[in-house]
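Hi there,

Here is the structure I promised to pass on. Have a look at it first, and my notes follow below.

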Amino acid sequence: MLVPLAGAVALAVLLGVAAFVIFNREHDCSSGKLPLTVVATPDVQPALNKIAGNYNKALHSIDSRCVEVKVARESAARTENALVAGKFKGDVWVADSSLVVERVRSQESVTLPEPAGSVASSPVVLATAKSSAAKLEGTLKPSWSGMVAAANVANVDGPGKKVRVLALDPQKNSAGLAALLAAAGTAKAAKQDKALVGALKELSGQLVADPTALLASLTVKSGDRVPIGVTSEQAIHVHNTKKPDTPVVALYPSEGTLSLDYPLTVVTKDAAKLKAAADFRQELGKESALKVLRAQGFRDPGGKAGEALSEDKGFTPAAPKAMRAPDVKTVATMTQTWSRLNLGTRLLTLLDVSGTMALPDPGTGLTRMKAISKIATEGLSLFPPDSEIGVWNFSTHLDGRGKDYQEVVPVGPLTESIGGTLRKDVLAQQLATVEAKATGDTGLNDSLKAAYAHMTETYKRDKINTLLILTDGAGNDDPDGGVTDAQILDYLKSAYDPERPVSILLIAFGPEAQAGKRQMDAVAKATGGEAYIAKDPLQVRDFFLQGMERRICSPNCDG
């Protein structure tokens, strides 16, 4: 009886030894550790760090060295700068969006491989306080088109009367960039480019530093407009887990949306680390890792949600409709559009105060002077506080014999004080009280030449430099002669510098306006600008938006 027992013991020992050998071959750390540094965006870093901890405990071996994964935390923008500068110190990069990775890959100075797949996803959605969601019904449909309509500064009677839209800077935040692309794509498909420009201009003044600050800003006070914002679904989950006084719900755009897709890019060229990166990438695709990600408010790469994104927590578990991801060229174009639209404004307004401005306008019941003043007030109200604006009046002999213009408010920041009063208030007071010079003729050309020379000499590269002319359209009428129509065109064509562009925006109002349209067009287009005839003072909002649109193409605009 002892012989079979001895055989069984021997077999057990042999099997144990075999298992021990196999285990140690797979978890062989005899040659030390193999460090692998993963650089991840702050939102996904905690989940990846937890997965890495479990992975490290399991002793994954590569060439007799146990892989030790460290997950560092860094914003996508900062990593992008490091990669472009050749100073990236990690082995693997997990950005929050392929939009950022492709932007880096498009740089000629950077050699970056294609991402090795996505580790998670989080749709970009609209967000509002749970307590105010009901107030939006009937006012704003959850959609990108609804957001554009609410933010459009020119749509004074639109949903913006009851809704205030907050945004993330698309140059610093991937969710903000995705929202910009989704909204722009929707607006362009609906041929609402002008509305988009009005919305982007307004949103540039409503930027919030990061998702945390944006979600904390969604509190509604009695009587205030309901604030809505744009962020990732996962950011809302994180906000609500902190049990804030104002929990937030996600609103899913009806047109569909773009998602943060958390691409994993292997940057290292070290042979051993390439093996380690591939092994860790495989680990991230396992159900155990996906469970960790879903518990922290992410969806898996296919859009599957976990309990963290349940309906009772303010989410829709089913994956939202996916919009087609834009190509690199589209991303670059929209980023440039945003940058150009948000360059600061430097504007000198030439205001016609000649005698004909005292005549009544049959359509409004106002004098032409009052109508033009209203147009100016409407237009100037569209510009943000950091704008630099000034006003010159023009007629004939306004500032002594032979000088047809008078500097009323010098060009400078609206927030700057002039004699103890903010320039913004000085401008408003001037426009409200300006009167026509009863005996004055329209000395436009002399005034235009002086104003254009001034704006050219004082040009600022960090701003869009514009000369705005507001007139009743009677053209140049100077009994003393001065600069002729042909001479002013020759001057503007020679003075215009596409490297330092000063464009002319000319708005005329009154029954004589149409007769002078040909010369108006020639004057404006000599500087890459535009001329308009206003039939209603409120129409000026559209003209200013069209002028802002030209920032995108300037100085190479067609027609």
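A word on terms before anything else: I call a residue buried when its relative accessible area is under 20%, exposed when it is over 50%, and partly exposed in between (1.4 Å probe, protein chains only). Please bear in mind that this is a predicted model, in which local features need pLDDT of at least 70 and side-chain atom pairs count only at pLDDT 80 or more, while totals for chains, interfaces and linings use all residues. Residues are numbered from 1 along each chain as its sequence is written, and side-chain values use heavy atoms, with hydrogens and water left out. Helices (H or I, at least four residues) and strands (E, at least two) are DSSP runs, numbered from the N terminus.

Let me start with two loop residues. Lys-191 sits in the loop between α7 and α8 and is exposed, because its relative accessible area is 77%. Its phi is near 55°, a positive value in a residue other than glycine. Asp-63, in the loop between β2 (61–62) and β3, also has a positive phi, near 50°. For background, most residues other than glycine have a negative phi.

Next, the cysteines. How many disulfides does a search of the whole structure find? The search gives 1, taking a disulfide as a pair of cysteine sulfur atoms within 2.5 Å. Cys-29 and Cys-66 form it, with their sulfur atoms 1.7 Å apart. This pair links distant parts of the chain, 37 residues apart: Cys-29 is in the loop between α1 (2–26) and β1 (33–40), and Cys-66 is in strand β3 (residues 65–73). The link is left-handed, with -70° about the S-S bond. Cys-29 counts as partly exposed at 33% relative accessibility, whereas Cys-66 is buried at 5%.

Now for the interior. By nonpolar core I mean a set of buried Ala, Val, Leu, Ile, Met, Phe, Trp, Tyr and Cys residues joined through side-chain atoms within 4.5 Å. The largest one has 87 residues, and Val-69, Val-94, Trp-144 and Phe-280 touch the most other members. Helix α7 (residues 174–189) supplies the largest share of this core, 10 residues. Contact here means heavy atoms within 4.5 Å. Leaving out residues up to four places away in sequence, Trp-144 touches a list of residues including Val-124, Leu-126, Ala-179, Ala-183, Pro-253 and Met-323.

Rings of Phe, Tyr and Trp (its six-membered ring) pair if their centres lie within 6.5 Å; planes under 30 degrees apart count as stacked, over 60 as edge-to-face and the rest as tilted. The count comes to 4 aromatic pairs. One of them is Tyr-55 with Phe-280, edge-to-face at 5.2 Å centre to centre and 75° between the planes. Tyr-55 lies in helix α2 (residues 45–57) and Phe-280 in helix α11 (residues 271–284), so the pair ties together parts that are 225 residues apart in sequence. Both Tyr-55 and Phe-280 are buried. Tyr-262 and Phe-298 form another edge-to-face pair, 5.2 Å centre to centre with 90° between the planes. Tyr-262 and Phe-298 are both buried as well.

Two strands pair if DSSP finds at least two bridges between them; β19 (residues 502–509) and β20 do so in the parallel sense over 5 bridges. Ala-508 has Ile-533 of β20 as its bridge partner. The chain crosses from β19 through helix α18 (residues 517–525) to β20, and this β-α-β crossover is right-handed; that is, with the strands pointing away from the viewer, the path from the first strand over the helix to the second runs clockwise.

Finally, Gln-430 in helix α15 (residues 423–433) is buried, with a relative accessible area of 17%. Beyond its neighbours within four places in sequence, Gln-430 is in contact with Asn-393 and Val-408.

Best wishes
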